[in-house]
Amino acid sequence: MRPELVQPVSLARAAASLPEGSPAITPAPGTAAGAWDVEVTGISINSAQVLPGDLYLALPGARHHGAGFAAGAEAAGAAAVLTDAAGLDQLPETALPVFLTADVRRLVGPLSAAVFNSQPQDGSAPLLFGVTGTNGKTTTTYFITSLLKALGRTTGLIGTIEILAGAEAIPSVLTTPESPQVHGLLALMRERALDAAAMEVSSHAISYRRVDGVVFDVAGFTNLTQDHLDLHGSMEEYFAAKAELFRADRSRRAVVTVDEEWGRRMAEAAGTRGVTLSTSGAASDADWQVRSVQREGLGHSFELHGPQGTPLRVRTGLPGTFNVSNAALALAMVLESGADPAAVQDALDRQDPFTVEVPGRMQLVCEAPAAIVDFAHNPDALQRTLESVRRPEGRVIVVFGATGERDQTKRPLMGEIAARLADVVIVTDDDPHDEDEAAIRADVLRGARSAAGQDGHGPLVLEEAPRAAAIYRAVELAGPGDTILVAGRGHEVWQEVKGVNHALDDRVELRTALAKAGFTVPTYDGVES
Ligand SMILES: CC(=O)N[C@H]1[C@@H](OP(=O)(O)OP(=O)(O)OC[C@H]2O[C@@H](n3ccc(=O)[nH]c3=O)[C@H](O)[C@@H]2O)O[C@H](CO)[C@@H](O)[C@@H]1O[C@H](C)C(=O)N[C@@H](C)C(=O)N[C@H](CCC(=O)O)C(=O)O
Ligand SMILES: Nc1ncnc2c1ncn2[C@@H]1O[C@H](COP(=O)(O)OP(=O)(O)OP(=O)(O)O)[C@@H](O)[C@H]1O
């Protein structure tokens, strides 16, 4: 998505606005100095997404060098190319002006900010909230926008499920889009005069510099647990990537959840003005404290104590105590942005902003049996979700798998957690990508069977594929007092197997299986089928 009012900018002007210390840009041999006057109206790092007038930034990648796609960019109407020395070697003959720099990726964000004029300092940019952490980013951003709407503000959203620029919804491909899209969206939201926007910031985004040149008014940290070690190599590196968001030049204020050690370290590492949030009573010196948590229906009620004086009384409608943490973080971030506590309390009382449905996050598909679709796809999320769905009576049946070509070390861990916390474990497929499905299942089953065998009378551990069959199997085994948790894919509607996308929506499969088995299933509109 791009801003609608395109203002051409000369490359010379865009280059002059780069922050101090940025790598220099020079015309490539054969490009005349007069080419600095070329006017660009957009930025693209992907030849397939180039629009006429774009500056095409040809980046080195893990598989290709973008310079190899410059002919496509030229055919699509690119105005100029910026690449590095390695790119110049691969660049096909071109009539476009070509510029060189030592590190193209470092310039994507700042050039996008300059060309799209995404966050001018004249007060017209929406207030920007950024949320990072292993789990809870999507839910917290939904909670932030829901609360802001209850306060009468217009909002935008950038995240895993969808992108909202006001009323318009755009399907999302990445959790955090590429830098030109991020800046383009922020500019569009500014043009539409939105009051505020909430954005998920993945660690991939920080490592790949997708949020360079973005300034967050309030950045929030949820938690850090094992995931993405395929990219970061170690938890220390993963932590270091997340910590970048809390640099003073990126975020004006921070709210850091300090329930665990990584959070406490994050609060210490944060270079920006920060406050801390304790949601579990673990840190009694935190600035914001969650107290008096009570189960209320499917959700919870709690109090948020903080520097504002009178504690806020809060309700969450989504199951899971972790949603208390997400709601508390959303609240503290909105209050730290300057919202009036009395108006916030009034919005909480009148509108119940934390009962908003977050697609595929603890989404209740049926009440008897309790059938829930959730996005837990790493060990911590699976553990917390399984702990949350346990009731005094009834068995817990869990269906899940693991993604191919991603962090393999988490597979047996997830198997082990499921075997410890569920009564029936059905191991199936997630997105295998190019990996062998049976081998992925075997990694998960190894963990599940070793934990199940430990005390001799562990859970029933089953292997069932494809995924729809596993969901049917769970329903077959369930009684009305049981709980079925289908974890790992949440809102996703495609399963990628060896480069081919197959339609698959866990919520639809689960509803269909339950209805066929004779259970009463409300449809999405609340009508019973
Ligand atoms: C692992 C990873 O993140 N890879 C990112 C990386 O890709 P790469 O180095 O392999 O790039 P490449 O394919 O070699 O291509 C090199 C360059 O040529 C360009 N190109 C390539 C092909 C073409 O036809 N035309 C073209 O211009 C590419 O845009 C790229 O700039 O650099 C590319 C842009 O420069 C990113 O688009 C790409 O993200 C891909 C799309 C991706 O799937 N990333 C996922 C893992 C991701 O970022 N996920 C996180 C959330 C994770 C989570 O929490 O679960 C997210 O924020 O979504
Ligand atoms: N605060 C939390 N702590 C631990 N687990 C959580 C928390 N919030 C949500 N979860 C679990 O993690 C899953 C993903 O939640 P959510 O989508 O909000 O996080 P995310 O950080 O956006 O994840 P992703 O980047 O993978 O989309 C949920 O479905 C739930 O199982």
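Hi everyone, let's start with the overall layout: the protein chain splits into domain 1 (9-116), domain 2 (127-355) and domain 3 (363-516), with bounds that come from an automatic or database domain assignment. The centres of domain 1 and domain 3, taken over C-alpha atoms, are 45 Å apart.

A word on the model. It is a predicted one, where local features need pLDDT of at least 70, side-chain atom pairs count only at pLDDT 80 or more, and totals for chains, interfaces and linings use all residues. Residues are numbered from 1 along each chain as its sequence is written, while chains are lettered from A and ligands numbered from 1 in the order in which they are written.

Now to the ligands. Ligand 1 is surrounded by 19 residues, where a residue is near a molecule if its C-beta atom, placed from the backbone, lies within 6 Å of it. The closest are Gly61, Gly66, Leu174, Ser202 and His204. Where does ligand 1 lie? Domain 1 and domain 2 both give residues to its shell, so ligand 1 lies between them.

Ligand 2 has 23 residues around it, and Gly136, Lys137, Thr138, Thr139 and Ala376 come nearest. Domain 2 and domain 3 each provide at least three residues of that shell. Which helix gives the most to the shell around ligand 2? That is α13, with four residues; α5, α11 (322-336) and α13 (379-389) each supply at least two. Helices here are DSSP runs (H or I, at least four residues), strands likewise (E, at least two), numbered from the N terminus.

Let's look at two of the glycines. Gly133 sits in the loop between β8 (127-132) and α5 (137-150), and Gly136 is in the loop between β8 and α5 too. Is Gly133 buried or exposed? Gly133 is buried, with 27 other C-beta atoms within 10 Å; the cut-offs are 20 or more for buried, 12 or fewer for exposed, and partly exposed in between, with C-beta atoms placed from the backbone. Gly136 also counts as buried, with 27 C-beta neighbours inside 10 Å.

Leaving aside residues up to four places away in sequence, Gly133 touches Phe221, Thr222, Asn223 and Leu224, where contact means C-beta atoms, placed from the backbone, within 7 Å. On that count, Gly136 touches Thr222, Asn223, Phe322, Ser325 and Asn326. Thanks, everyone!

Definitions and conventions. Two residues are in contact if their C-beta atoms, placed from the backbone, lie within 7 Å.
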